[in-house]
Amino acid sequence: MKRILLISVLFSTTIAVSQEKTFEKEVRKISKRIERITENQKDSLKLKVVAIDKRLESGEITKTTANTLKSEVASYHARRIEVLVGEQERLLQLLVQDKTNGKIASAEESDEVDEDDNTFTVGKTTFRLNFNNDENEDKIEKRDRRIQRRTTSQFVFAMGVNNVLKDHEFSSLNDSDYKFWQSHFYELGWTWKTRFTKEPSQLYFKYGVSFLWNNLRLENNSVHVKNGDLTEIQVFDDKLSESRLRHVQMNFPMHVEWDFSKNKTYKDGVKRDRTNKSVRLGLGGFVGFKLGTRQYLEYKDANAIAIEEVEKDNYNMNTVNYGLSAYVGYRSTSLYVKYDLNPLFKKTETRNISMGIRLDLD
C-alpha cells in the first residue's frame with residue numbers, strides 16, 4: 001500500500017516536472033522493470049528448487065516432502081510476480097492517463113533508456129524503488145518466526161486414587177486395609193522439558209519439582225497406632241466417621257518423554273518442533289522426601305460429643321522415598337501411574353501406589 005501511494009504522489013506532481021519525461025521512455029522503463037521482476041522471481045525459484053533437490057539426495061527429506069516444498073515455493077513466487085507486476089500495471093495506467101491529459105510529452109523517436117530503471121526523479125530528488133523483496137521478506141519471516149527453544153516449561157497438576165500394595169503384588173489391592181475410592185492423592189509441580197538433540201525431534205528429557213499430598217483412609221473403623229518401631233492398624237473404640245492418614249512429599253520427577261506432535265515445516269524447509277499437540281508417552285521415576293505426616297480422626301464419644309483429632313507423628317514412615325512413574329495421553333491430559341519402590345512404613349513390605357489424571361499445561 002505504501003508503494004502504491006508513493007507512485008500516486010510521484011505521478012500527481014506538477015506539469016513542469018513531468019514535461020522532462022517522454023511517454024515512450026517511461027513505457028520502456030516499466031516494461032523493463034516487469035521483465036526484471038519476472039527474471040528475479042524465476043531465478044530465486046530455481047535456487048530454492050535446487051536446494052530442495054540437494055536435501056532430497058542427501059536423504060534429509062522424503063520425495064513427498066520435497067514435492068510439497070517445491071509446490072509451496074512455486075506458489076509463493078507466482079504470488080510475488082502477480083503482486084509486483086500488478087503494481088507496474090497500475091503505474092502504466094497512470095502514465096496513460098497523464099498522456100491523455102497532456103501532462104507528459106511524446107517523442108517521435110526515443111531509443112534511449114535510463115540505465116537506472118528503478119528510479120524516479122521529482123525536482124532534484126531521486127527515488128529508488130526495490131521490486132525484488134524476496135530477501136527482505138525472508139528476513140521478516142525469520143524474525144517473526146517463533147524462537148525455537150530447546151527447553152520449555154509446564155505447570156503440572158495430577159489427582160486420583162491412592163492405595164498400597166503388599167510384596168509388590170497388584171492383587172493385594174483386593175485385601176487392602178484402605179478404602180480404594182476414598183483414598184486420594186493430589187500433586188502440584190513445575191517441570192522443564194528439554195529436547196535431547198539440537199535439531200527438532202520427538203524425544204525429550206522431562207524433569208522438575210512437585211509437592212504430593214497422599215491420603216489413605218482405613219477400612220473397618222481402624223486407626224494407625226505407633227508401637228515402638230512398628231506401625232500397626234487397630235480397631236478404634238468409638239464409631240469413626242473419618243480415619244485418614246496424610247503424608248506430604250516433595251518429589252523430583254524425571255521422565256523420558258516421547259512427544260509425537262507433528263513438527264512444523266516452513267516453506268524454506270526449516271523445521272520447528274511443536275509439543276503437547278498429539279500423543280505423549282513418559283517413562284521414568286522420582287526421588288524425594290516426606291515433609292510431614294498427620295492422622296485425622298473424627299468420631300462421637302459416649303456422650304455423643306463430636307470430636308476431631310489431629311495427630312502429628314511420622315508413624316515410622318521412611319523419610320526418603322523413590323519409585324517409578326509413567327504417563328500416556330493426548331495433548332495436555334494423561335493417565336498417570338506412580339509406584340514407590342521403598343516401603344511406606346519401616347519394617348514392612350507395604351508400598352504406596354497412585355493412579356489418576358495428569359495435566360501438563362504450557
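This is a predicted model: local features need pLDDT of at least 70, side-chain atom pairs count only at pLDDT 80 or more; totals for chains, interfaces and linings use all residues.
The side chain of D53 meets that of K70 in a salt bridge, with 2.7 Å from N to O. Since D53 belongs to helix α3 (residues 23–57) and K70 to helix α4 (residues 63–100), the pair ties together parts that are 17 residues apart in sequence. K70 is likewise partly exposed, with a relative accessible area of 26%.

## Further salt bridges

The count of salt bridges in the model comes to 16. Among them is the one between E60 and R55, whose closest N and O atoms are 3.3 Å apart; R55 is buried, because its relative accessible area of 15% falls under 20%.

Another salt bridge joins the side chains of D259 and K193 at 2.8 Å, N to O, and this pair links distant parts of the chain, with D259 in strand β8 (residues 240–259) and K193 in strand β4 (residues 184–195), 66 residues apart. Both D259 and K193 are buried, and they take part in a network of salt bridges that also includes K206, E257, R280, R358 and D360.

## A contact to R280

R280 also has a polar contact of 3.1 Å with S334, formed between the two side chains. S334 is found in strand β14 (residues 333–340) and is buried, with a relative accessible area of 2%.

## A positive patch on the surface

On the surface, K262, K264, R274, K277 and R331 gather in a patch of positive charge. Within this group, R274 lies in the loop between β10 (271–272) and β11 (279–300), and R274 counts as partly exposed at 34% relative accessibility.

Conventions:
Residues are numbered from 1 along each chain as its sequence is written. Side-chain values use heavy atoms; hydrogens and water are left out. Patches are made of residues with over 30% relative accessible area and no salt bridge: like charges are joined within 9 Å, nonpolar side chains (Val, Leu, Ile, Met, Phe, Trp, Tyr) within 5 Å. Accessible areas come from the Shrake-Rupley method with a 1.4 Å probe; for residues, only the protein chains shown count as cover. A salt bridge is a side-chain nitrogen of Lys or Arg within 4 Å of a carboxyl oxygen of Asp or Glu. Lys and Arg count as positive and Asp and Glu as negative; His and the chain ends are not counted. The place of a charge is taken as NZ of Lys, CZ of Arg, CG of Asp or CD of Glu. Helices (H or I, at least four residues) and strands (E, at least two) are DSSP runs, numbered from the N terminus. Buried means under 20% relative accessible area, exposed over 50%, partly exposed in between (1.4 Å probe, protein chains only). A polar contact is a pair of N or O atoms within 3.5 Å; within protein, one must be able to donate a hydrogen and the other to accept it, and residues adjacent in sequence count only if both atoms are side-chain atoms.
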